[in-house]
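Subject: Structure handover

Hello,

Here is the structure for you to take over. Please open it before reading on.

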Amino acid sequence: MSELLEEAVLVGRARRPAGGWRDAIRVACDPLVEREAVSEHYPQRCIEMVEEHGPYIVLAPGIALAHARPEDGALRLAVAATTLTEPVAFGHEDNDPVDLVFAFGSPDRDQHVGLLSALATALLGGLADRLRAAEDDEALQAALAEVGDGG
Amino acid sequence: MSRPDPLKVLTVCGVGMGSSLMLRMTAEDVLKRMEVPAKVEATDVSSARGMQADVIIGQGMHTEAFEGRAPVVVGISNFMDKDGLQQQLTEAFEAQGWLEPQP
């Protein structure tokens, strides 16, 4: 595992309610705000990215990856995973509805490559199903840990 | 037309550091499977407008704007669907004559 991955904040929340996609992004960003991995206005910037560029952050069926730019308040390399009690629509033609929302932040444009690469590898290996099966935060956190181990 | 070697491939998304990066990894893997030498770069939609590329890959909502601006433009919706991307690239490359033996 690289040093950067070792220092990355990885945090999971299971089965949270969300009223619509904007709220889902806020809920997904909450643990990163709490850990001071992103600033308080970062979630709003993530929402604006979707308003400006469309729901492209929904990158596979049921899975969204919310993020904004480093300069939008990303303070530490971090990723949070949150499953929703009820799926929400992002307005994506093929991949709605979404029940698993990742939020990530990277303080610069290079640091996150290893982390996202590890996340992509884990997702291709069935991570989404393991996160969805987690009934509480502890179980989800344990499932998410493989991202940090697998880099 | 002979296939550029390596192919210059852009994966695009709104910000250029989230989904385009995920897509880059998928594209690199698929192109390796197809045994097509390629250099894949992830970028945001507005930067991509000023760049030259042989292949542009992104979500359909973003690639529409690039139709006609590169020889191959492919819109996908699921970055985890490697087989789907391989099929789309194979069809598009065949149409370009890129899968024939290269001189």
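Below are notes on the interface, the cores and the salt bridges.

One caution to begin with: this is a predicted model.

**Interface**

Start with the contact between the two chains. Chain A puts 30 residues in contact with 19 residues of chain B. The two chains bury about 2,000 Å² between them. Carbon and sulfur atoms account for 71% of that area. On the chain A side, the residues that lose the most area to chain B are A:Tyr56, A:Leu59 and A:Leu124. Together they make up 30% of what that side buries.

Which parts of chain A each supply at least two residues to the side that touches chain B? There are two helices and two strands to look at: helix 3 (42-53), helix 4 (112-124), strand 2 (58-60) and strand 3 (63-67). Helix 4 of chain A gives the most, with eight residues. By class, the side of chain A that touches chain B has 18 nonpolar, eight polar and four charged residues.

Now the polar side of the interface. Ten residue pairs are in polar contact between chain A and chain B, counting pairs with both residues at pLDDT 80 or more.

**Cores**

The largest nonpolar core has 86 residues. Those with the most contacts inside it come from both chains: A:Ile25, A:Phe102 and A:Leu119, along with B:Leu89 and B:Phe93.

What does B:Phe93 contact, leaving aside its neighbours within four places in sequence? The list is B:Leu7, B:Leu31, B:Met34, B:Val36, B:Val55, B:Val72, B:Trp98 and B:Leu99.

There is also a second, separate core, of nine residues. It includes B:Leu10, B:Val12, B:Val45 and B:Ala70.

**Salt bridges**

Side chains of opposite charge can pair when their charged atoms come close. Over all chains, the structure holds twelve salt bridges. A few from chain A follow.

- A:Asp137 and A:Arg16 meet through their side chains at 3.0 Å, N to O. A:Asp137 lies in helix 6 (residues 137-150) of chain A and A:Arg16 in strand 1 (residues 9-16), so this pair ties together parts that are 121 residues apart in sequence. A:Asp137 is partly exposed, at 27% relative accessible area. A:Arg16 is partly exposed too, at 26%.
- A:Arg132 forms a salt bridge with A:Asp99, with the closest N and O atoms 2.9 Å apart. A:Arg132 belongs to helix 5 (residues 127-133) of chain A and A:Asp99 to strand 5 (residues 98-105), so the pair ties together parts 33 residues apart in sequence. A:Arg132 is partly exposed, with a relative accessible area of 26%.
- A:Arg26 pairs with A:Asp23 in a salt bridge, and here the closest N and O atoms are 3.9 Å apart. Both residues lie in helix 2 (residues 21-34) of chain A, three residues apart, or about one turn of the helix. A:Arg26 counts as partly exposed at 37% relative accessibility. A:Asp23 counts as partly exposed at 25%.
- A:Arg45, A:Glu48 and A:Asp72 are linked in a network of salt bridges.

Over to you.

Best wishes

Terms used: Residues numbered from 1 in each chain as written. Chains lettered and ligands numbered in written order. Predicted model: local features only at pLDDT ≥ 70, side-chain atom pairs only at ≥ 80, totals over all residues. Heavy atoms only, no water. Contact = heavy atoms within 4.5 Å. Buried area = accessible area lost by both parts, 1.4 Å probe. Polar contact = N/O pair within 3.5 Å; in protein donor to acceptor, adjacent residues only side chain to side chain. Helix = DSSP H or I, 4+ residues; strand = E, 2+ residues; numbered from the N terminus. Nonpolar A, V, L, I, M, F, W, Y, C, P; charged D, E, K, R; others polar. Core = buried A, V, L, I, M, F, W, Y, C linked by side-chain atoms within 4.5 Å. Buried < 20%, exposed > 50% of the residue type's maximum accessible area, 1.4 Å probe, protein only. Salt bridge = Lys/Arg side-chain N within 4 Å of Asp/Glu carboxyl O.
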